[in-house]
Structures are given as structure tokens and as C-alpha cells.
Amino acid sequence: MAEDFVVVGAGIIGVACALQLACQGRHVVVLDQQEPGMGASYGNAGHLATEQVFPIADLSILKRLPAMLLDPMGPLRLDWKYLPRALPWFVRLLLNLRPARYQRTVAGIRALNEDSLGAWRRLLTSIDRPGLLREDGSLLVFERADSRPALEALQQRMRQQRVPVDFWSAEAVRKAAPQLSEQIQGGLFFPATGHFLDPYRTLCELVEAAKASGVQFLTRQVRDARVDAEGVVLSTDQGQLAARQVLIACGAHSARLTAALTGKKVPLDTERGYHLMLPHEHQRLPFAVTSFERKFIMTPMTGGLRLAGTVEFAGLDRPANMARAWQLHRLSKGLFGEDLNSQGATPWMGFRPSLPDSLPVIDRVCEGKVLLAFGHQHLGLTQAAVTAEWIGQLVSTGTDLPAPGRYRLDRF
């Protein structure tokens, strides 16, 4: 007997979609080789980054390429051993930086981000957990006077994209976050953003709500898949499982199953993201703060202060370089009047799924038997709730999404 709907992937995207589908009356089974939330969703920065409407790179990446290859601790790192495999992906990234394609990407990210905060409010309210999200805004600070023109230019670009943003003086920054260093010159404040007090707990609360709605979670590794006349057949490490419809939402691991089901080779790579959790830092910041010059973010959580934000391209197979996580503590030195306490700190690395045009795939293919939701790069947490609503719309009506071509599989 075929299952009604199977979701492959128990990260924040897959779980949010499973809950949405269950609330629409579907019987849903979620498969993952790990327990829910133990992949990239476990250690994200916790920032609801609605302000980040620009692609992960611009043309300046050409100038930064030597540093990316030579500096193992740089904010954007490309492992030279991975370069031959990454080169086609980077070529496609550069092609997508041409003006028309770049503007298409910005419009696509903005369309998702503009409703992300509202979608998260709706989702958390539906499970009676609105307090998991703090809507206190976020701040991008700068330390050097010569950085001010770049911040002002960024503010103008963001305003052109309808991103709410205010320029804060050094005095305004110190009033809001008095423990920051006196050397902070000012910053950009984004009022329509927020942060999660505990991203993993948020996912666990969604899992419990999904279970209460009838969703079944199974720990299984999906090895292969095929479409047949009745739906989809999944080959797992515990035998075959048939389903009328399947959603592929397994993040950086989605390309293989997508190819098996659709015949389409998706140029999916991974941004390996690191964090360092400081358990003894609870009162340093009122909201998420990013350093413009140092290129990392600090987010206050119930478990302490999370430092995150570096990007490494080294694929799915190479072991984590936890020195990059510890580098985040070194980067924090000088940002506060008193250095952060790293006692008991824990490092982490996760795979963030990234496509060369910085847009996810959110689509309905194979006559509706296969749905796709992956490739959200570092905005998976931000865009999870709105992605779930869009997947629910595709399943219930089969109608197109807003600006559908931007997110469709056949754009590749």
C-alpha cells in the first residue's frame, strides 16, 4: 500500500513542509538518515535574515579568489583541493552576476524574504509557540571611518529593494548595545528582522506539532528513487517504500534523488558553515549583531551567544576544519569592552545547500508526483515557513508560485 505523501529530509524546510501538508489533511511520512534537525538546521546562526536580498557573491569575488584559495581562515574559503569540482559551479555563479540575471536573483530572494517574517508568525502561532522568535531587529556595525561610505551605499541599495533600514550613529549603537566596544563607528539597523532563541528547539517544537497532526518520522536512508504509474518508489536501507507524492527537501543532499526522479542534473553545492557556541555569554547583546569588516554574526540565544557566518567551499566529503569555528572567537576580540568568555565553547559545522544563482528550487514536477524544496543557501531558516506555505499551495491547487520561473527546476 502506497503512502499518501513522503517528505525526504527532516531539516527545517522538510519539517515545516510536513506540518503544512498535515494541516491540509495529508497523511505524511518524513524520512531522514538522522534524527530530525541534526543536519544544517541544528547549528544555523538563528538570524531571521529578511534583509539579505542580495546573492551570496558579486563580481568582487574575482579579486578575492586568490585569498579564498590561500587563506584557510578567511571569511570566504575555497579549498584548493576542491577547486576542480567547484570550478563549473563558480563559472555558473559568475554568469549569474550579469546585470539581468543578477536583478532576477535579487527579485527572487526578495519575494521570499518579504513574507518570511509573516509566515513565521503564522507558523509559530499555529503551534502556540510565538515566543520562540524575538522580533527585535538586527544590527550591522562598522569600526573604521573609511567603511562608512560603503555602509551608506549598502543602505541606499537596500532601500531601493524596499528593505527597511536605518542608519545608526555610534551613540545609538552604544545605547542599544552598551557592551560593544567604543571603537564602533555606527551601523545599519534592520527593524523587520529577528532571531530565534533556540533554532534546534524551534525545529523540535515543529516536529512535536507535526506528530500531533499525524506525521510519522522514520530514520531511514533513501538510496534511490523512481517514478512509476502510481507515484514514486523509494529504495531505502530498510526496503522499498511507495508513495503517491514525494517532496525532496534534504538540503545539500538533494541533487542525487532529484536526478534519479527527474533526469535533471542540478548544480547543487554546499556552503560549509561553522559556528562557535559560547555557553557563558547571556547578557552581551539584545539582538543579532554582524560585523561589517570582520564578516561574522553574533546571535544571543537561551544557550549562550552563537558566533557564526563563515563560508567554506570544500564539498560534502572532506572533514570539518574546526579551526574555522574557533577563528570566530578570535574575530570577536576588540568588538566588546571585555573579551567574550570562551570557556566550555563548542564548535560545529553544517552543509548549507547552495545553487549558483542563489535561489532555491521550489517546484512541482513529474505530473505532481514529485515536489522539490531545496537550495536555500544560508537562508534556509529565514525562508522555511514561507517555503512550506508555497509547497502547500502547489500541492493543494497545482497553481504556479509568484514569479514561478525563478524557482523552477527547468531553469537549469
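## Terms and basis of the model

In what follows, Ala, Val, Leu, Ile, Met, Phe, Trp, Tyr, Cys and Pro count as nonpolar, Asp, Glu, Lys and Arg count as charged, and the others, with Gly among them, count as polar. The structure is a predicted model, in which local features need pLDDT of at least 70 and side-chain atom pairs count only at pLDDT 80 or more, while totals for chains, interfaces and linings use all residues. Residues are numbered from 1 along each chain as its sequence is written, and side-chain values use heavy atoms, with hydrogens and water left out.

## Cavities

A cavity is taken here as a set of points, on a 1 Å grid over the protein atoms alone, where a 1.4 Å probe fits but cannot get out, whereas a pocket is an open set with protein on both sides within 12 Å along at least five of seven lines; lining residues have an atom within 4 Å of a point. Grid points are joined across faces, edges and corners, and a volume is the space filled by probe spheres set on the points. By this rule there are three cavities of 30 Å³ or more.

The largest cavity holds about 60 Å³ of space, and its lining is made up of Pro55, Ile56, Ala57, Leu93, Asn96, Leu97, Tyr102, Thr105, Pro356, Asp357 and Ser358. By class, seven of these lining residues are nonpolar, three are polar and one is charged. The second largest cavity has a volume of about 40 Å³ and is lined by Glu281, His282, Gln283, Arg284, Leu285, Pro300, Met301, Gly304 and Leu305. Two or more residues of that lining come from each of the elements β16 (296–301) and β17 (304–313), where helices (H or I, at least four residues) and strands (E, at least two) are DSSP runs numbered from the N terminus. The lining of the second largest cavity divides into four nonpolar, three polar and two charged residues.

## The second largest pocket

The second largest pocket has a volume of about 630 Å³, and of the 22 residues that line it, Tyr82, Arg85, Val266, Leu268 and Asp269 lie nearest its centre. At least two lining residues are supplied by each of α3 (83–95) and α9 (254–262), and α3 gives the most, with four residues. In terms of class, this lining has 11 nonpolar, two polar and nine charged residues.

## Strand pairing

Two strands are said to pair if DSSP finds at least two bridges between them. Strand β1 (residues 3–8) has six of its six residues buried, so β1 is largely enclosed by the rest of the structure; buried means under 20% relative accessible area, exposed means over 50%, and partly exposed lies in between (1.4 Å probe, protein chains only). β1 runs parallel to strand β13 (residues 239–248), to which five bridges join it, and Val6 has Val246 as its bridge partner in β13. β1 also pairs with β2 in the parallel sense, over four bridges, with Val8 partnered by Leu31 in β2.

A separate description applies to an open sheet of three strands, which has the order β3-β9-β5 and antiparallel pairing. β3 (47–48) and β5 (133–134) stand at its edges with a single partner strand each, so one side of each is left without a neighbour in the sheet. Two bridges link β3 and strand β9 (residues 194–196) in the antiparallel sense, and His47 stands opposite His195 in β9.

## Loop residues

Asn44 lies in the loop between β2 (28–32) and β3 and, at 16% relative accessibility, counts as buried. A polar atom of the Asn44 side chain lies 3.0 Å from the backbone oxygen of Ser41, and a polar atom of that side chain lies 2.9 Å from the backbone nitrogen of Gly46. Leaving aside residues up to four places away in sequence, Asn44 touches Pro199, Met301, Arg306, Trp348 and Leu381, where contact means heavy atoms within 4.5 Å.

The loop between α5 (116–126) and β5 contains Gly131, which is exposed with a relative accessible area of 52%. Asp128 lies in the loop between α5 and β5 and is exposed at 57% relative accessibility; its phi is near 60°, a positive value in a residue other than glycine. Ser358 likewise is not a glycine and has a positive phi of about 65°, but Ser358 is found in the loop between β18 (346–354) and β19 (361–365) and, at 3% relative accessibility, counts as buried.

Note on methods
Polar contact = N/O pair within 3.5 Å; in protein donor to acceptor, adjacent residues only side chain to side chain.
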